[in-house]
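Trainee: Could we go through the charged pairs and the backbone of this model, one question at a time?

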Amino acid sequence: MQAENVRLDPDKLGELYTQLGETAAEDVVCRAIEELAVRLTHCERLWRQNNMADLRKNARSLIAIADQIGMSAMAMIARDVTQAVDNEDVAAVASILFRLLRVGERSRTAVWDQQDLTV
């Protein structure tokens, strides 16, 4: 199992809390993290089904969600997945997708830890 660096943008989260207030921001963060978990699982399933078109769409949707809550590494890797799909590079898609899954899991945990939220 490879260890992956996680990059969070605390300013993005701080901005969210300033704009929405603590309760609403926590709600947004919780929903985003839940949605990320669902979409990451769906990405893996689509890859196993060799459904590259839907995998690309799903990875693209991860970018906006990850950006919203300051998961910059995850957003960057999701962009890389879409680029690999566009390039029809199956080996790269597999490699980058599984990196996305690792970083996604660690990023979700890091956001919880940073915000002292309960999973």
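Predicted model: local features only at pLDDT ≥ 70, side-chain atom pairs only at ≥ 80, totals over all residues.

Mentor: Residues are numbered from 1 along each chain as its sequence is written, and side-chain values use heavy atoms, with hydrogens and water left out.

Trainee: How many salt bridges does a search of the whole structure find?

Mentor: A salt bridge here is a side-chain nitrogen of Lys or Arg within 4 Å of a carboxyl oxygen of Asp or Glu. With that criterion, the number found by searching the whole structure is six.

Trainee: In which helix do Arg31 and Asp27 both lie?

Mentor: Arg31 and Asp27 form a salt bridge whose closest N and O atoms are 2.9 Å apart. Helices are DSSP runs of H or I with at least four residues, strands are runs of E with at least two, and both are numbered from the N terminus. The two residues are four residues apart, about one turn of the helix, and the element that holds both is helix H2 (residues 22-48).

Trainee: Is Arg31 buried or exposed?

Mentor: Buried means under 20% relative accessible area, exposed means over 50%, and partly exposed lies in between, using a 1.4 Å probe and protein chains only. Asp27, its salt-bridge partner, is partly exposed at 33%. Arg31 has a relative accessibility of 55%, and therefore counts as exposed.

Trainee: How many residues apart in sequence are the parts that Asp86 and Arg56 tie together?

Mentor: The side chains of Asp86 and Arg56 meet in a salt bridge with an N to O distance of 2.5 Å. Because Asp86 lies in helix H4 (residues 72-86) and Arg56 in helix H3 (residues 52-68), the pair ties together parts whose separation in sequence is 30 residues.

Trainee: Which helix holds Arg79, the partner of Asp67?

Mentor: Asp67 and Arg79 meet through their side chains in a salt bridge of 2.9 Å, N to O. This pair ties together parts 12 residues apart in sequence, since Asp67 lies in helix H3 and Arg79 in helix H4.

Trainee: What is the relative accessible area of Asn50?

Mentor: Asn50 lies in the loop between H2 and H3, and its phi is near 60°, a positive value in a residue other than glycine. Asn50 is exposed, with a relative accessible area of 56%.
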